[in-house]
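Biologist: I would like to go through this model with you. Could you take my questions one at a time?

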Amino acid sequence: MRRAARRTRARTRPVPWMREEFILAPVIFAADEVIKQRVEMKEELNVPRETIGGVSVRRFHNSGAAFGFGEKNSRFMTVLSVVFASVLTVLFFSPFSEKSTRLMKTGLALMLGGAYSNTYDRIRRGYVVDYVSFKSRSEYMSGIVYNLSDFCIAAGALITVIDAARTDD
């Protein structure tokens, strides 16, 4: 009876490639690309459509990076995006990652999914499709438009930093 139980346990252990961290990046990529395609087909360029709670859907073509950085040099931003996605890929699959905590891998997976989606946009379209903005007292802040990948990159970076600080103690 014990042998059968051991065999069952051994078979139910998760295969490394089936863990959530490995699935998270492709799911983020796919979800963001589906939303971007819908926004490209259905929304007018730069015309906000307010939804609930001060959130607006607005189709925006971003040839630069966050806050307009590099807007005039989209080729440089594409190269930088490819380099960033490549570095994240190496980190995610490196021996360093094997020793990383699950939280660190989750943070890297969030950043990786977001980086892949935005890099894909830059290569395919020549710009990144952003589609969400938030009403703010500041006109400048209200004018910033995001996408799912941006949120995932920011959340992943935050999780990675928190985990690194936590494990250094």
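Biologist: Which residue stands opposite Asn62 in β3?

Modeller: Asn62 stands opposite Val128 in β3. Please note that this is a predicted model, in which local features need pLDDT of at least 70, side-chain atom pairs count only at pLDDT 80 or more, and totals for chains, interfaces and linings use all residues. Residues are numbered from 1 along each chain as its sequence is written, and side-chain values use heavy atoms, with hydrogens and water left out.

Biologist: How many bridges join β2 to β3?

Modeller: Six bridges join β2 to β3, and the two strands run antiparallel. Another of the facing residues is Val55, whose bridge partner in β3 is Phe134. Two strands are taken to pair if DSSP finds at least two bridges between them.

Biologist: And how many join β1 to β2?

Modeller: Two bridges join strand β1 (residues 49-50) to strand β2 (residues 55-62), and these also run antiparallel. Here Arg49 stands opposite Val57 in β2. The hairpin of β1 and β2 has four residues between the strands, and Gly53 takes a positive phi near 65 degrees there.

Biologist: In what order do the three strands form the sheet?

Modeller: The order is β1-β2-β3, in an open sheet with antiparallel pairing. β1 and β3 are the edge strands, each pairing on one side only. As a general point, strands of a sheet pair through backbone hydrogen bonds, either parallel or antiparallel.

Biologist: What about the whole chain: how many helices and strands does it have?

Modeller: The chain has seven helices and three strands. Along the sequence, they follow the pattern α-α-β-β-α-α-α-β-α-α. Both kinds of element are DSSP runs numbered from the N terminus: helices are H or I with at least four residues, and strands are E with at least two.

Biologist: What share of the residues is buried?

Modeller: Buried residues make up 35% of the 169 residues in the chain. Buried means under 20% relative accessible area, exposed means over 50%, and partly exposed lies in between (1.4 Å probe, protein chains only).

Biologist: Turning to α2, which of its residues are buried?

Modeller: They are Glu21, Ala25, Ile28, Asp32, Glu33, Lys36, Val39 and Glu40. The helix α2 has 23 residues and reaches 32 Å from its first C-alpha to its last, close to the 33 Å expected at 1.5 Å a residue. That expected span is 1.5 Å times one less than the number of residues.

Biologist: What follows in the loop between α2 and β1?

Modeller: Asn46 is in that loop. Asn46 has a positive phi of about 65 degrees although it is not a glycine, and with a relative accessible area of 41% it is partly exposed.

Biologist: Now the aromatics. How many aromatic pairs does the structure hold?

Modeller: There are four. In one of them, the ring centres of Phe29 and Tyr120 are 5.4 Å apart and the planes are at 75 degrees, so the pair is edge-to-face. This pair links distant parts of the chain, 91 residues apart: Phe29 is in helix α2 (residues 20-42) and Tyr120 in helix α5 (residues 102-125). Rings of Phe, Tyr and Trp (its six-membered ring) pair if their centres lie within 6.5 Å; planes under 30 degrees apart count as stacked, over 60 as edge-to-face and the rest as tilted.

Biologist: How accessible are Phe29 and Tyr120?

Modeller: Phe29 counts as partly exposed at 26% relative accessibility. Tyr120 is partly exposed too, with a relative accessible area of 36%.

Biologist: Why is the pair of Phe134 and Phe151 edge-to-face?

Modeller: The ring centres of Phe134 and Phe151 are 6.1 Å apart and their planes are at 70 degrees, so the pair is edge-to-face. Phe134 is in strand β3 (residues 128-134) and Phe151 in helix α7 (residues 148-168), 17 residues apart. Phe134 is partly exposed at 35% relative accessibility, and Phe151 is partly exposed with a relative accessible area of 36%.

Biologist: Which residues form one aromatic cluster?

Modeller: Phe134, Tyr146 and Phe151 form one.

Biologist: One last topic: where is Ser100, and is it buried or exposed?

Modeller: Ser100 is in the loop between α4 (95-98) and α5. At 14% relative accessibility, Ser100 counts as buried. The C-alpha atoms of Ser100 and Ala164 are separated by 9.4 Å, while the two residues are 64 residues apart along the chain.
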